[in-house]
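Student: I would like to learn how to read a model feature by feature. Can we take it one feature at a time?

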Amino acid sequence: MPPTIQHSSTADSDRTQVPAPAYVPNTYQPDESCNPFNPPPKLSHLNLPIFTPSLPREEARLKRTLGQPPLFSPNTRSSLQSAGSSFGRKQRQSTPYSDKISEALKPNPKRDEHKKLVKLELGTFIGLKDEGAWAKSLYTHLVSNASIDEFFAESGLYNARTRRWSTIPESTSDLEEGDLYKPFVDISNAILRKFVLTESEEGELLREAIDTHDTNIPHHEEVKTTLVSRPDVSIRGQGSSFQVPEANREGTAPKVGFSNMSSFEEMKVEKSNVSATAQGLQVAVYVRQIFIHQPNRRYVRVLILTETNLRLFHFDRSGGLYTPYINIHQDPYTFIRLVVGLNSLDESVLGFDMSIQWRIEGGRKIDGTLKTRREDDTTIIYNLSKVDPIITFFDISGRGTQWWSVSDPITGDQLLIKDCWKAEDRVSEYKHLKKTRGLPGVAQMLSFERNRGKTEDFRPSDSTAHKEFHNRVAARIVINSYGDSIESFKSPKDLLCALRDAINGHMNLYLKKRLHRDVTIDNILLGKKADGSNPDPGYRGFLIDLYMAIKIGRDMNKLSSERRTGSRRYLSIAVLLCCKDSIKNPFTTIAHDHLDDLESFFYVYSYIIHVYDSSGASYDIPELFIDWEQCAASKTVESKYTFLRRKLLKSKEIEERWPQQCINVFQGFRKFLLPHAEKKMDIINDDSANNETEIKYLMTDIVKHYETVLHLFNNAIDSLEDEGASAFETVQGGSAKGFSTSAANYDPDRNGLKRELEDEYYMHELPQAKRGRGSEANSPERRYEVLPPRKSSKLVTPQRGARHFHGPSPLRSKL
């Protein structure tokens, strides 16, 4: 007898019995209009079967059956759709990337390879045609003609009658560079003693010329390197901006290195007839290291010296320039003034930013201060939490970004300060940050300092009118300090929450009609409360560094002349395809959009789950990710496309380090990105494609794009919480507590993914996109060519235990 439902009325005699609908457990299939998480209104219970609320573990299954509920309010969805439509209509292309992105990067390039990369970075050297007028005008306030005449009489190094430096040999067919080292060391030290030097407390000279033509001076690069350089004559400096080089393995430090070099002199003989460009590329390799080792350096000037002439080279964030030859015998006054000015005791004359000061003990920096002006023009001096910048820029020309960790002198709060040299025609970052104040998931600016100097101020006016010169303006921004780099996560939930909130922050930027365009592992920070407690949802991960951000409605006729730079490891396939060595048709480029940034988030996540385990313990970086950073853009495209196509992680080794929820995020994210990456590859590689129409089509689903990705993370986070994932919340002994192949919550068969392409690793297939949009070209079998296999890139055997610094991410251990 079926159960009955009694309906009451005002009179007992009206009471009737109605049979209840039959209910068969686990067979009920609601239609699309019925959502148990948000039941539609005005439905009579008489017309529905009895519905038992699902258990927590059934909720995920029901969500899959019914579809994900909307994440955003109607207003948010409308605003996001409007911003996407605006982007599709107005943004047809992006500022090109630097040609350097297209070149392979080696940790230890040979000399000619290194010079080639420097040339790509610097572009054209600007040669002055002023007969030496600018060089002759420099440093006249430091040394008078009368004092120089006095020096001639005292030193006996210059013969006023013959108008020659007496110790410098004359030109002969047998003269070699080595014959010039000692004479110029002696002359330079004599000039320094007369016009520059005083004795330090330790009894050492504060400026000293040293023959270093056979001294190996180590480089500092983004990755560990064995590169060294040998400037012919180095001028060793002492002062608040210098520090002695680090000790070597034997515990001794060289007398001079790039960290305490005020300038250097490079020797050439006239008969070698080396071009100015070749000279510039040689000295630029050394100058680049001075900028890296001396982070508050604004410009560097050096001398090329021959037995007859000098040439002055000047380098700043706009590139390099050089003077014509000036005869050192006929014009010794200019020679002396340049030696004095390039090695002055006044560090501002050397090109140092004096708003950053250090205290030196034992020749090394031990602490320091940074002075800045607020928007109301009041001055504040912060204490440096680290003596070195936590992120530094490794090129001469460009934005020259430095991130400093500081503490407020009054409150003690930890803050971040960013220094950079922005292209004059690029929208200032602080303007973006002013528009995004209060947005969750986005760094919050406290103050900014504009117009801290211009590269045009360091150069002669005629050089700044050159078509190859692009002025740069120094800017400083103070932002709230959050947690450490995302690489310092403590648990799977910690990682997923941080990435989810950073992606949500990216969407919040888009709602303000801003696109970030520089998503890297260094630009995502963990959230942090002042009291050390867990931050609220929405504030567990933050995006920083909006230098490359654009306003979605910008005028396409006013693109910045500055070429973009970035880490190939995190750039999307479409962006890399538009680089010089990848693109087949230079007119077929598409704009960098939100999908490219979402792909960058995926590569950040992929890197983390391959390099760390769920507790945060680190492993050696797989060759795959090293290749992405070092290979040319075209090769990185091929590798990343293969990576996206694979439905499998590296055997079970990676899976065993992470809970299944994290693996599901990886697979779901990959599956979401693949068709969009393929669509863009078709657009770029097809000459006949209607780019504007295709891009507009991609923008129509922008709401779905963000919802799909955020749902991936939300579901994984909810599942971790439902399963009581507290076993992953604590790092103990550098391993994932309670998580292994034998752990109760690990089941290798839960993946359920079809295992295909099970060769050793991702680099076996390197597909290359074909042109054409015919049915044959677009078929799954013929759409891409597969190149012959190459040697696999195997994951290095993991070293479990303590975490260690192993790559080019300075934020990992320094924030």
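**Reading the model**

Tutor: D377 is found in the loop between β16 (364-373) and β17 (379-384). Helices (H or I, at least four residues) and strands (E, at least two) are DSSP runs, numbered from the N terminus. Residues are numbered from 1 along each chain as its sequence is written. This is a predicted model, where local features need pLDDT of at least 70 and side-chain atom pairs count only at pLDDT 80 or more, while totals for chains, interfaces and linings use all residues; side-chain values use heavy atoms, with hydrogens and water left out.

Student: What is the phi of D377?

Tutor: D377 has a positive phi of about 70°, although it is not a glycine.

Student: Is D377 buried or exposed?

Tutor: Start with the cut-offs. Buried means under 20% relative accessible area, exposed over 50%, and partly exposed in between (1.4 Å probe, protein chains only). D377 counts as exposed, at 53% relative accessibility.

Student: Where is Y139, and what is its phi?

Tutor: Y139 lies in the loop between α4 (133-137) and α5 (145-155). Its phi is positive, about 60°, and Y139 is not a glycine. Y139 is buried, with a relative accessible area of 7%.

Student: With which side chain does the side chain of S240 make a polar contact?

Tutor: A polar contact is a pair of N or O atoms within 3.5 Å; within protein, one must be able to donate a hydrogen and the other to accept it, and residues adjacent in sequence count only if both atoms are side-chain atoms. For S240, the partner is the side chain of Q357 (3.5 Å).

Student: Now a strand residue. Where is H314 found?

Tutor: H314 is in strand β12 (residues 309-316). H314 is buried, with a relative accessible area of 0%. The side chain of H314 makes a polar contact with the side chain of D316 (2.8 Å). Not counting residues up to four places away in sequence, H314 touches W134, Y299, V300, R301, G319, G320, L321, F458 and R459.

Student: How far apart are H314 and F125, in sequence and in space?

Tutor: They are 189 residues apart in sequence, and 9.8 Å apart in space, C-alpha to C-alpha.

Student: How do I describe two packed helices?

Tutor: Two packed helices are described by the angle between their axes and the distance between the axes. Axes are lines fitted to C-alpha atoms, for helices over the stretch in contact, and angles run from 0 to 180 degrees between N-to-C directions. Angles under 35 degrees count as roughly parallel, over 145 as roughly antiparallel, 65 to 115 as roughly perpendicular and the rest as oblique. Take helix α13 (residues 594-611) and helix α15 (residues 633-645): they pack at about 75°, with axes 13 Å apart. That makes α13 roughly perpendicular to α15.

Student: Which residues make the contact of α13 and α15?

Tutor: From α13 come E599, F602, Y603, S606 and H610; from α15 come K640, F643 and L644. By class they divide into 4 nonpolar, 2 polar and 2 charged. Ala, Val, Leu, Ile, Met, Phe, Trp, Tyr, Cys and Pro count as nonpolar, Asp, Glu, Lys and Arg as charged, and the others, Gly among them, as polar.

Student: Against which helices do the buried residues of α14 pack?

Tutor: They pack against α13 and α15. They are L624, F625, D627, W628, E629 and Q630. With 6 of its 8 residues buried, helix α14 (residues 623-630) is largely enclosed by the rest of the structure.

Student: At what angle do the axes of α2 and α18 cross?

Tutor: Helix α2 (residues 74-90) and helix α18 (residues 702-722) cross at roughly 120°, and their axes come within 8 Å. α2 and α18 are therefore oblique to each other. R77, L80, Q81 and G84 of α2 meet I702, V703, Y706 and E707 of α18.

Student: And the whole protein?

Tutor: It has 20 helices and 30 strands. Buried residues make up 54% of its 815 residues.

Technical notes: Contact = heavy atoms within 4.5 Å.
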